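Work through the exercises below with the sequence and the model at hand, and compare each of your steps with the solution that follows it.

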Number of protein chains: 2
Amino acid sequence: MSKIPYKIYLNESEMPTAWYNLRADMKTKPAPLLNPGTHEPMSASDLAPVFCDELIQQELDNDTRYFEIPEEILKFYKMYRPSPLVRAYCLEEKLGTPAKIYYKFEGNNTSGSHKLNSASAQAYYAKKQGLKGVTTETGAGQWGTALSMACSYFGLDCKVFMVKVSYEQKPFRREVMRTYGASVTPSPSMETKIGQKILADHPGTTGSLGCAISEAVEVATSTPGYRYVLGSVLNQVLLHQSVIGLETKAALDKYGIKPDIIIGCAGGGSNLGGLIAPFMGEKLRGEADYRIIAVEPASCPSFTRGKFAYDFADTGMVCPLAKMYTLGSNFIPAPNHAGGLRYHGMSPVLSQLYHDGYMEAVSVPQTAVFEAAEYFARVEGILPAPESSHAIRAAIDEALKCKETGEEKTIVFGLTGTGYFDMVAYEKFHDGKMEDYIPTDAELEASFATLPKVE
Amino acid sequence: MSKIPYKIYLNESEMPTAWYNLRADMKTKPAPLLNPGTHEPMSASDLAPVFCDELIQQELDNDTRYFEIPEEILKFYKMYRPSPLVRAYCLEEKLGTPAKIYYKFEGNNTSGSHKLNSASAQAYYAKKQGLKGVTTETGAGQWGTALSMACSYFGLDCKVFMVKVSYEQKPFRREVMRTYGASVTPSPSMETKIGQKILADHPGTTGSLGCAISEAVEVATSTPGYRYVLGSVLNQVLLHQSVIGLETKAALDKYGIKPDIIIGCAGGGSNLGGLIAPFMGEKLRGEADYRIIAVEPASCPSFTRGKFAYDFADTGMVCPLAKMYTLGSNFIPAPNHAGGLRYHGMSPVLSQLYHDGYMEAVSVPQTAVFEAAEYFARVEGILPAPESSHAIRAAIDEALKCKETGEEKTIVFGLTGTGYFDMVAYEKFHDGKMEDYIPTDAELEASFATLPKVE
């Protein structure tokens, strides 16, 4: 039996005590957020009505390499971290590949995903600022659940706008959030001006992330003592999520393992940005080289078919403009898309890195993703979230290439979460009712036409 | 900060390599299973049509102290074990108790509970015997899910009879089992003679565990190459589950911790029997003393209000008779009972130990259980299964007693699983629609009248 255990756990004393800010090592920094009206860069005071003060500092700071993790957040992390780095012995054996496969499993907490890493940080800073509560949006519900847990722990009100189609299809997610004391509103709602407008324009709409963001921001900025928090895309979120990559690297280093390929699923980029952070840092500093692969749904292909341009972060066009790979802020994946990762844009940090050639991206159709999910569940025992299964698909594909070539590559991928609340999608797959959807060039062109003109 | 970490993980090399058979240390052995017709003790050959051969040996062996865990099962265990022993620092702080609270968390695997420990063992032995498949019953679905996972891994067919009310209320559980390739039939069904009879006698019945057991046994004994497997009650199951207690004890010993009180929820006794095994062993051998507390639902109070007598294990009365604390094989908890642990009887091993004064038992009403569940979820971050929350309730009550007396007792309890598939029950609780139900003495007397007369 190999000396490397099935699961590598760090000791508490080996856990990271600072987040790593990847931007500090980027030669070309991510472009600044712009005011959607004036197209001027957003300053800290511009952002203050929307975000917590300390989070704004983290958002705008492209230079500080490490941010110390406050003691209270470390304490929270210790309830569910360190997360295991798992050697996928069973998967390797079943595939018959000479590749060595590892996955960082972030699903062993009640929120079911890595989102808790940033939710706890954001809730902590909001509480520290003396705020009463926070607002946010959630799609599949992982972020909303994570934020509810964090707010309950730190004693903050939590108001979640949940994309209507998810609210109706995932009553149990909603109920978990209620268990943690959050209020959950289906979006679009009549509670906001933007919600009223969207409902007037599109009476039958089942909502979108972009629309829920607009509503959450409106409530945060119009309610005293409230701010808005977001679970992905933003620089601050990638900073907090660097804990994933730092733990992964520490666990690999502990056993002298050097990965060849690092794979993460990408929606807004929170998991991918966190997982790759320290590895990308080495790559940027010329200390090591890795193949880094982002995996996205073929039905929402921001990296592989999007434009690198300034765009609105939300449908309501009230948020700052971000320079990112985007499909246009009006883009909504087809209703039959069940694989998550539905956001039209992508983290500006990752977008810049991809643009500068530091990483690759692939897109995969959802039936292939669910095939990989079921295969993985049966072999490795963990029922993966559809989002995470994009990374599984790509990891299996790379491992099968190794089988052909005989190369003993070391593959590390991020298993961001569990699929307990995604059984409707699994059922569709089992019943043969799941279809692949790939947007046509014409559809994308129409969506690109909505991009704002920024000089 | 204390030197004891939030989570104690054993290394793989510290994992138990043998199961501990508590019966070897019992002065009064559990009474033998009896043939329901002749009332003669069941021999290995009597049991052979129902159970796998090697499992029968384990079932009947009251003397062998340790059974080596086969390499293949150890390998399976390593996918999700060792499980963490968690120091509930946050819970202690919130309660303001001087007590030190630990919980052994068995929910970090896709089946969501400890059931996988025995499911993998039973599937392994069935495969080793060259069988084609196994049948079983499941109520809430944890056991069925665990068995599906184990059968998928070892390459066995898996046929699950799921209590009809759960089948209908928990479609996602069903879908997880399908993900692992199991066939799931709502019980009672028309597929068996006993199912047909029950449906004829009680056309509107929503089923019961006892009835599902009867159906599963009938299919196993009438289908070549099939045997029946069971997730609780039996001696073999407690043997496999001893891995919980052995890990718990090893983790405590590693830090020199000696518990005062050990608490487990009790339905059929699989978790409780496993958790307490090595501690009870010390107690039986006079090497140490512990308070050991079984916690059961007030709506299904086998220990606290049942009779210690021979009874049928199943409603259909086809299974062997077992001597145990029982409410009568016709007893079914009120439909509003949402807390799990619905079985009318109790493990014969635990029943004997309770009868001989080696452990205590308490019963708790379900609203108090869900209060504890929600409290725990908010403080410790883990959303517990209703079953597990019985132990949480009792642990909190003991910790609050310590707060009154100032005693710094060390409390260990078993957190058997997660509640992701129990959100309907949580919703009822949140909406104030959950009621407590306690059977009247007259109801219990009526049920006791069905006990078989055994000389």
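**Exercise 1.** How many cavities of 30 Å³ or more does the structure hold, and which residues lie nearest the centre of the largest cavity?

*Solution.* On a 1 Å grid over the protein atoms alone, a cavity is a set of points where a 1.4 Å probe fits but cannot get out, and lining residues have an atom within 4 Å of a point. Grid points are joined across faces, edges and corners, and a volume is the space filled by probe spheres set on the points. The structure, a predicted model, holds ten such cavities of 30 Å³ or more, and the largest has a volume of about 470 Å³. Its lining comprises 28 residues, with A:Lys115, A:Leu209, A:Ser232, A:Gly268 and A:Leu341 nearest the centre.

**Exercise 2.** Determine how chain A is superposed on chain B.

*Solution.* Superposing by least squares on the C-alpha atoms of residues with pLDDT of at least 70 in both copies, one finds a rotation of 180° with 0.0 Å of shift along its axis, at an RMSD of 0.0 Å. The two copies are therefore related as by a two-fold rotation axis. Among the residues of chain A, A:Asn108 comes closest to that axis, its C-alpha lying at 3.0 Å.

**Conventions.** Residues are numbered from 1 along each chain as its sequence is written, while chains are lettered from A and ligands numbered from 1 in the order in which they are written. Local features need pLDDT of at least 70, side-chain atom pairs count only at pLDDT 80 or more, and totals for chains, interfaces and linings use all residues, whereas side-chain values use heavy atoms, with hydrogens and water left out.

Conventions:
On a 1 Å grid over the protein atoms alone, a cavity is a set of points where a 1.4 Å probe fits but cannot get out, and a pocket is an open set with protein on both sides within 12 Å along at least five of seven lines; lining residues have an atom within 4 Å of a point.
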